[in-house]
Amino acid sequence: MPRPTAAQLAYGSCTVIFSTLAMLLLSQTSSGLGVAVIALAALALGLLVAMTVPLPGPRTVEAAAEGAPEKERVPTAL
């Protein structure tokens, strides 16, 4: 299992924090059960966001060759 990247950790953490605050403010709940449900929903949303952030793929030969200068083609006279 690959380790999460910095972008995945950042996006997931921000999603959990901001979605928890937003849901708590919008629902105006004060019961412990309501807060627990909101916290679990925010954690699930943060996990979903973190896992959908695209991972950097392995470099292919074509991508590495893009930086290399191409050989100049000289037109031949007919």
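## The residue after α1

Helix α1 is followed by Gln28, a residue whose phi is positive, near 55°. This backbone value occurs although Gln28 is not a glycine. The model discussed here is a predicted one. Gln28 lies in the loop that joins α1 and α2. Is Gln28 buried or exposed? With a relative accessible area of 67%, Gln28 is exposed, the cut-off for that class being over 50%.

## Overall architecture

The protein chain contains 3 helices and 0 strands. Read from the N terminus, the order of its elements is α-α-α.

Of the 78 residues in the protein chain, 14% are buried. The accessible surface of the chain amounts to about 6,900 Å², and carbon and sulfur atoms account for 69% of that surface.

## Helix α1

Helix α1 comprises 22 residues, which at 1.5 Å a residue should span 32 Å. The buried residues in α1 are Gln8, Gly12, Thr15, Ser19 and Thr20. Viewed down the axis of α1, these buried residues fall within an arc of 120°, and therefore they line one face of the helix. The cover over the buried residues of α1 includes α2.

The other side of α1 carries exposed residues, namely Ala6, Leu9, Phe18 and Leu25.

## A nonpolar surface patch

Which residues form a nonpolar patch on the surface? The patch consists of Ile17, Phe18 and Leu21, which together have about 330 Å² of accessible area.

## Helix α2

Helix α2 covers residues 32–52. Its 21 residues should span 30 Å at 1.5 Å a residue, and the distance of 30 Å between its end C-alpha atoms agrees with this. In α2 the buried residues are Gly34, Ile38, Ala42, Gly46 and Ala50. Because these residues fall within an arc of 135° when seen down the axis of α2, they line one face of the helix.

The face of α2 turned away from the buried side bears the exposed residues Leu33, Leu40, Leu47, Leu48, Met51 and Thr52.

## Packing between α1 and α2

Against which helix do the buried residues of α2 pack? Their partner is α1, residues 6–27. From the side of α1, helix α2 is among the elements that cover its buried residues. The α1 face includes Gly12 and Ser19 among its buried residues, while the buried residues of α2 include Gly34 and Gly46. Between the two helices in the chain lies the loop that holds Gln28.

Definitions and conventions: Residues are numbered from 1 along each chain as its sequence is written. This is a predicted model: local features need pLDDT of at least 70, side-chain atom pairs count only at pLDDT 80 or more; totals for chains, interfaces and linings use all residues. Side-chain values use heavy atoms; hydrogens and water are left out. Helices (H or I, at least four residues) and strands (E, at least two) are DSSP runs, numbered from the N terminus. The expected span of a helix is 1.5 Å times one less than its number of residues. Buried means under 20% relative accessible area, exposed over 50%, partly exposed in between (1.4 Å probe, protein chains only). The arc is that of the directions from the helix axis to the C-beta atoms. Contact means heavy atoms within 4.5 Å. Patches are made of residues with over 30% relative accessible area and no salt bridge: like charges are joined within 9 Å, nonpolar side chains (Val, Leu, Ile, Met, Phe, Trp, Tyr) within 5 Å. Accessible areas come from the Shrake-Rupley method with a 1.4 Å probe; for residues, only the protein chains shown count as cover. A salt bridge is a side-chain nitrogen of Lys or Arg within 4 Å of a carboxyl oxygen of Asp or Glu.
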